[in-house]
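Biologist: I would like to go through one structure with you, step by step. Please put it up, and then I will ask.

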Amino acid sequence: CAFSAAEELQTKNEAVWSDEATVRQVLSVQRRESPYIHALTLVDNHGKLWASSLRFPVEASDLSTQTHIMYLRLAINAYQKSAILGMPYQNKKTNQFLLPLARNVFDSGGHPVGQIQADIDLNYFQSFYERVANDAGAGISLYDRDGRVIVQAQNALSRHKLTKIDSAVET
């Protein structure tokens with residue numbers, strides 16, 4: 001997925017960073033291996049969308065104001081290799097709800113060149129969490145950094161217990 005694409009791009013020579021078609025090919029191959037990923041994109045050091053697994057040539061987009069991209073672009077975080085969740089959004093063309101997950105990407109010399117982002121279909125998380133909740137007889141949630149629920153699932157038994165507790169508290 002995004003991490004494999006980042007690692008593969010890092011092994012390429014410097015010329016790859018000026019060749020959108022080659023970058024798109026790497027992103028597209030990695031995206032096909034992950035059915036839950038809607039798109040893989042490469043964002044340049046200025047926060048501009050530079051390449052995408054979805055289309056070539058890429059439509060110009062400024063992602064520099066997205067909080068997860070802003071965080072990764074901070075000088076103090078420039079060499080950070082961990083992934084950061086963004087805020088879920090609805091794709092205007094497909095109406096799918098997507099969750100961006102990004103990390104910094106580096107050239108072969110180890111210098112930061114931007115971020116790679118995977119847009120993950122929230123239906124993937126929902127169905128996965130529902131399976132886990134049903135199998136475990138419990139509830140499971142995914143929260144953002146501010147404590148807001150992104151995805152939540154509970155099995156029928158735990159929902160029933162919560163309803164009883166909630167109604168007892170209300171009286």
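Modeller: First, a term: helices (H or I, at least four residues) and strands (E, at least two) are DSSP runs, numbered from the N terminus. This is a predicted model in which local features need pLDDT of at least 70 and side-chain atom pairs count only at pLDDT 80 or more, while totals for chains, interfaces and linings use all residues. Residues are numbered from 1 along each chain as its sequence is written, and side-chain values use heavy atoms, with hydrogens and water left out.

Biologist: Which pattern does the chain follow, read along the sequence?

Modeller: The chain's secondary structure comes to five helices and eight strands. Read along the sequence, these give the pattern α-α-β-β-α-β-β-β-β-α-β-β-α.

Biologist: What percentage of the 171 residues count as buried?

Modeller: Buried means under 20% relative accessible area, exposed over 50%, and partly exposed in between (1.4 Å probe, protein chains only). Of the 171 residues in the chain, the share that counts as buried is 39%.

Biologist: How far apart are the C-alpha atoms of Trp50 and Glu20?

Modeller: Trp50 sits in strand β2 and is partly exposed because its relative accessible area is 22%. Leaving aside neighbours within four places in sequence, Trp50 has contacts (heavy atoms within 4.5 Å) with residues including Trp17, Glu20, Val23, Leu42 and Val58. Trp50 and Glu20 are 30 residues apart along the chain, and their C-alpha atoms are separated by 7.3 Å.

Biologist: Which residue takes a positive phi near 85° in the hairpin of β1 and β2?

Modeller: Two strands pair if DSSP finds at least two bridges between them. Strand β1 (residues 37-44) is joined to β2 by three bridges, and the two run antiparallel; Leu42 has Ala51 of β2 as its bridge partner. Four residues lie between these strands, and the one with a positive phi near 85° is Gly47.

Biologist: In the hairpin of β7 and β8, which residue in the turn has a positive phi?

Modeller: Strands β7 (residues 139-143) and β8 (residues 149-154) run antiparallel and are joined by five bridges. Tyr143 stands opposite Val149 in β8. There are five residues between the strands of this hairpin, and the turn residue with a positive phi, about 85°, is Gly147.

Biologist: Why does Arg55 count as partly exposed?

Modeller: Arg55 also forms a salt bridge with Glu59, the closest N and O atoms being 3.5 Å apart. Glu59 is partly exposed because its relative accessible area is 40%, whereas Lys93 is exposed at 63%. Arg55 counts as partly exposed because its relative accessibility is 28%.

Biologist: Which residues do salt bridges with shared partners join into one network?

Modeller: Another salt bridge, 3.3 Å from N to O, links Asp146 and Arg148. Asp146 is exposed because its relative accessible area is 59%, and Arg148 is partly exposed at 41%. The network joined by salt bridges that share partners consists of Arg55, Glu59 and Lys93.

Biologist: What percentage of the accessible surface of the chain belongs to carbon and sulfur atoms?

Modeller: Accessible areas come from the Shrake-Rupley method with a 1.4 Å probe; for residues, only the protein chains shown count as cover. The chain has about 9,700 Å² of accessible surface, and the part belonging to carbon and sulfur atoms is 54%.

Technical notes: A salt bridge is a side-chain nitrogen of Lys or Arg within 4 Å of a carboxyl oxygen of Asp or Glu.
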